[in-house]
Amino acid sequence: MTETPRTGSTPGATRASSSDNPYWRDTSVVHPVDAKATEVEHLDEDACWALAVASKIGRIAVVNDDGGPDLLPVNFLVHDRRIYIRSAPGSKLMDITSRPLVAFEVDGHDADSWWSVIAHGSARRLAIDAEIDESGVLGLDSWSPTVKSNFIRITPARLTGRRFPRRIRPATDEWLS
C-alpha cells in the first residue's frame, strides 16, 4: 500500500492515500455547512411515543451481574405508553429481576431525517395472565428462533428523543461521511 506522510503529525507517521483507500478523505478541505443541516430537534413525549409505536426493533440496556452494562436487541411493542418484550429464560431475564432499572433505545429514519428515542425506567417480568393478555405481547413475533415464553414490561420514568436532518453530501468524491 502506498503511504503518504501525515501533515502536521509525528515524523514517520503515515496514512493511506486517496488512490489506495476508497474511504480516505482530505480533512484539510473545508466544506460549507448548511445551518439547517446542523439543527437538532428535541422531541416531546408524544412525538417520541409516535416514533416508538411505529418501530419493531429496539435495544434494551440492562446491568449485568458484574455491574456492567449489556445491550441487547429485542422485538418490542408499545401499549398504553409502556414497552413490552418477550424473553427466553436466561441472563437478560435474571438481570432485570435483580436490577430492574433499564434503558431502552429505538432509532430510525425517514426520507428527511434521522431520529432516536430513549426510555429510562424500570422493567419487570409479567406474571399475571390478565396483564399479559391485555398488553398484546402474546401477538409479538420475535425474529429470534428461540422460544420466548416470558414477558417483560418496561415502564418509562423518562422519555427523550432527538431528530436531525439528513445531511446533503457535496457532489464530489472527496467528502464521505
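Is D80 buried or exposed? At 54% relative accessibility, D80 counts as exposed, where exposed means over 50% relative accessible area, buried under 20% and partly exposed in between (1.4 Å probe, protein chains only). The structure is a predicted model, in which local features need pLDDT of at least 70 and side-chain atom pairs count only at pLDDT 80 or more, while totals for chains, interfaces and linings use all residues. Residues are numbered from 1 along each chain as its sequence is written, and side-chain values use heavy atoms, with hydrogens and water left out.

The protein has three helices and nine strands, assigned as DSSP runs (helices: H or I, at least four residues; strands: E, at least two) and numbered from the N terminus. Along the sequence these elements follow the pattern β-β-β-α-β-β-β-α-β-β-α-β. Of the 177 residues, 32% count as buried.

D80 is found in the loop between β5 and β6 (82-87), and R81 is found in that loop as well. D80 has a positive phi of about 50° although it is not a glycine. R81, also not a glycine, has a positive phi of about 60°. Most residues other than glycine have a negative phi. With a relative accessible area of 38%, R81 is partly exposed.

Helix α1 (residues 45-53) contains A50, which counts as partly exposed at 48% relative accessibility. The C-alpha atoms of A50 and V78 are 9.6 Å apart in space, and the two residues are 28 apart in sequence. In helix α2 (residues 91-98), the buried residues are K92, L93, D95 and I96. These residues cover an arc of only 160° around the axis, so they lie on the same side of α2; the arc is that of the directions from the helix axis to the C-beta atoms. M94 and T97 are exposed and are carried by the face of α2 turned away from its buried side.

A search of the whole structure finds nine salt bridges, each defined as a side-chain nitrogen of Lys or Arg within 4 Å of a carboxyl oxygen of Asp or Glu. Side chains of opposite charge can pair when their charged atoms come close. D95 counts as buried at 3% relative accessibility, whereas R99, at 23%, counts as partly exposed.

Another salt bridge joins R163 and E41, with an N to O distance of 3.1 Å. This pair links distant parts of the chain, with R163 in strand β9 (residues 150-165) and E41 in strand β3, 122 residues apart. At 41% relative accessibility, E41 counts as partly exposed. E131 and R153 also form a salt bridge, their closest N and O atoms being 3.6 Å apart. Here too distant parts of the chain are linked: E131 is in helix α3 (residues 129-135) and R153 in strand β9, 22 residues apart. Both E131 and R153 are buried.

The rings of F76 and F104 have centres 4.9 Å apart and planes at 70°, so the pair is edge-to-face. F76 in strand β5 (residues 69-79) and F104 in strand β7 (residues 101-109) are 28 residues apart, and the pair links distant parts of the chain. Both F76 and F104 are buried.

On the surface, V40, W114 and F164 form a nonpolar patch with about 250 Å² of accessible area together. Patches are made of residues with over 30% relative accessible area and no salt bridge, like charges being joined within 9 Å and nonpolar side chains (Val, Leu, Ile, Met, Phe, Trp, Tyr) within 5 Å; accessible areas come from the Shrake-Rupley method with a 1.4 Å probe, and for residues only the protein chains shown count as cover. V40 is found in the loop between β2 (14-16) and β3 (41-43) and counts as partly exposed at 39% relative accessibility. R166 lies over the face of W114, at 4.4 Å from the ring centre; a charge sits over a ring if NZ of Lys or CZ of Arg is within 6 Å of the ring centre and within 35 degrees of the ring normal.

Conventions:
Rings of Phe, Tyr and Trp (its six-membered ring) pair if their centres lie within 6.5 Å; planes under 30 degrees apart count as stacked, over 60 as edge-to-face and the rest as tilted.
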